[in-house]
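Thanks, everyone, for making time this morning.

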Amino acid sequence: MTSTEERPERSVPKPVFTDAEAGAKEFPDSGPSARRYNYFKPAKRKQTHYEDVTVEVQPDPRHYLSQGWIYGFADGSRGYPLTWTKLKAWGVDEPEPERGPGSGGRHVADWPAHGWHEFRDPNEEWELTMYRYNANVVRQINQNVENARNAKAFDQWTPNWVRFVERNVGAWMHIEHILGLYVFAACNRSGPTNMHNTVMAVNSEHKIRFAQDLALYNLTLTEEIEGFDGTAHLDAWNNDAEWQGVRSVCEALTAVHDDWGESIFATNIVFEPLLGELFRSGLVMQSAAGNGDYVTPTVMGAGEYDFAQRDLRWTVACFAPLTQDREFADHNKELFNGWLAHWVPLAIDAARTMQPLWSQPDAKPPRFEDSLDRVKNRFAGILTDLGLEAPKELNQ
Amino acid sequence: MSRQSLAKAHQKIQELSWEPQYHEPYMKYGTDYTFRKAAKKDPLKQVLRSYFPMQEEKDNRVYGASDGAIRGNMFRQVQERWLEWQKLFLSIIPLPEISAARSMPMLFQAVPNPELHNGQAIQMIDEVRHSTIQQNLKRLYMNNYIDPAGFNNTLRNFHSDYCGTIGRQFAEGFITGDAITAASIYLTIVAETAFTNTLFVAMPAEAAANGDYLLPTVFHSVQSDESRHISNGYATLLMALSDEDNRQLLERDLRYAWWNNHRVVDAAIGTFIEYGTKDRRKDRESYAEMWRRWIYDDYYRAYLLPLEKYGLVIPHDLIEESWNQIWNKGYVHEVAQFFATGWLANYWRIDGMTDEDFEWFEYKYPGWYDKYGKWWENYNRLSRPNGHHPIVAEDVDYVYPHRCWTCMVPCLVREDMVVDKVDGQWRTYCHEACRWTDAEAFRPTYQGRETPNMGKLVGHREWETLYHGWNWADVVEDMGFVRDDGKTLTAQPHLDLDPKKMWTTDHLRRMGPVASPNVILNEMSDSEREAFVADYNRQGPAGRPADSTS
């Protein structure tokens, strides 16, 4: 026979029926029309989930920030100054409301007060989407690499291709890493709205992830291919003449003086099409199959998709309206053209410095000039989307 | 998942570390700290290949629970007293989160250790998660809770409301001024390591006790990221400590960050936990008990004290004073009383305290009733419009307080209030530590040392100034704290949603004008000001006039 020892009653909160559900009572603001964020105008007729979780999180003294920013830098600047890029959107030259004793809040009468607030990320990225997207990418890459490992697929690579991948595919990881951390993450403090800064953070994580994808792929190859030198990418990056031009441009992108607009424009509009896609699509992905490699294009392709289908999309959506801006179209075009005149020659020079890479694989990819023509055409198309014309420097 | 070990993978990605060869990155954010010695390892050892699926899984759990809460009619059991305070909390917190994301690149530049940048980049991504997941939670409340007012205009309200402005320190402080002061000491060393315990662990527990299990679901998921951020802060702190020139700055910043976090977080979270709950079990922890456990024992004794041997000067006096404020000087009670006094300038409803609440407070804080009981009885008496004014304009033995220029919480522990003329303006401060922050710490020189990167306290830091001389009805309309009939206030001093029991702007129009305490202070002669300070210091507790306490 067993006996049950009586325990003292545990102390737990008691559930209470409160009937605090929507619709339980009628009173001012109880209707369905009150159940939406009502402090901004959506870009389309109905506000999106993405807008609800991003718009207006970063305050603006021209909207509702009546007490103003409460911390300033030593030079007196505060918050997110609109002067942190030379680009302008309509309304930015209007003075901030002057507030003081007895002024009242002077909240925005006609939201959004200036054109920067009209930007929406066409990919509608927020936390839910960014984790789903990137988790899917890393899962797919892992599966591809794991399958290749099980199938002994790396045994089919030609020796020259092994050298090519260990040095050159490896070297590319550095570019993604630098752009991810020191361009996109660095600029996510500078944008004029939460939509800009969020999308820059998302672009940054694509880059950092892709850099790590390449690094870990390199580690796998070190484990799977006898004689694969997992540190050769460092030597190529630091010393190979073919890499020094693109490295210099990449580093220059981090050194843009106090202008997030130029940093992002030069990176996603100039560098990525003319150098990124040139190397990734125009060389690696085109030549891999002929050299017995069906794996590397899947890793490289994930990064290419990040740029071509997502990062370029938001960048065009961000900059294209500025060339049509109702107040500053000419000002912005002049700036963009100046940036093109500066960055395009650098990119073309760097591309030509990379040309010897096209000769390294046994099974040759398309000719360098064909690859370059292709990215130039693509680049010119992007400029058309932006309302800009291809600079004469493109013909170098 | 690949078979590669995490340690091996993490070691591999260190090969990405970048030493510039042709161009140095533009240094936008400065610091007066120096990092000449002792590079530290990345403490997170996190690679994105495992990070993204892990976060996705955490998201799946959060959103699964959200679905479950709606299907299970969670809102039939939610305490309105509790959820009303979430209108304030969830209007504040997404900005600090996204500001933390913005602060990470400030550290990339200030801390010359590429290995740490990996952890900081992951923190940046985490913070984007936190901000948007919290905006989403608020959206869910707005859609499903009985009263959406205050949730639906939260980001307009927060940006102009005085409580929101207090909370905004917990965001702008992360991203402005000296990069290490802001993004490392204020954010990771103090806010995240010490005070997220009460924000994201203690408060969600109270939410669950009030029928809301979504807040714990979201915030415990958020807190699981915070532990990584704490490691980031620790690594940077150890790097800073290894350079002796930094110790004076560390001492300054720890004093500022500790005191400001105490003033801001304890004011808000203390009020939510003590005055927003219906759970009055005697054996549930009070905020003071939680603070003692989570902050005093876990942070101060277990985290900070061991750092003393590395040369960190710990503000023992301010930590003990914070406890003194909470336990002996009624800091949380004074703040809650003030929030309730100013209910009409807010955008949430504040429930009155009942006999059951009184009993619990007296049990947890002996002597509470003598100090605060009568005032809360008056609050209940004056809660429905019935020919009288809101409590702020009635004679209930309460002197409307001046605002602290630094932390922007009013000077509620009256004996501690000090004044100083700074930047040509007379300012009131809630405590000497706040005066020191404004007058000495946030300056381009500190104890004779040049500190050219230190930030400044700016802005219209006393909200009443903007409405000096305005009628209260116009103030509330201007701030937008009015419901869709154009006159019923979003805020109410009770939870009764019967329109006949709700205050409207018509009721406020009969009140006298708003007066800015700071404007008045600056109009005083020297002798008037001295008399004012002497009188103010004799006021309290519970805001009582000096005469009634002498």
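Across the interface of chain B and chain A, the rule finds 6 salt bridges, a salt bridge being a side-chain nitrogen of Lys or Arg within 4 Å of a carboxyl oxygen of Asp or Glu. One salt bridge joins the side chains of A:Glu21 and B:Arg76, at 3.1 Å from N to O. Please keep in mind that this is a predicted model, in which local features need pLDDT of at least 70 and side-chain atom pairs count only at pLDDT 80 or more, whereas totals for chains, interfaces and linings use all residues. Residues are numbered from 1 along each chain as its sequence is written, chains are lettered from A in the order in which they are written, and side-chain values use heavy atoms, with hydrogens and water left out.

As for the extent of the interface, 123 residues of chain B are in contact with 112 residues of chain A, where contact means heavy atoms within 4.5 Å. The area buried between the two chains is about 10,500 Å², and carbon and sulfur atoms give 57% of that; buried area here is the accessible area, with a 1.4 Å probe, that two parts lose on being put together, summed over both. B:Leu16, B:Trp18 and B:Arg102 supply 8% of the area that chain B buries against chain A, more than any other three residues.

B:Arg102 also belongs to the residues of α4(B) that meet α7(B), and its partners across that helix pair include B:Phe170 and B:Phe174 among the α7(B) residues, taken group against group.

Terms used: Helices (H or I, at least four residues) and strands (E, at least two) are DSSP runs, numbered from the N terminus.
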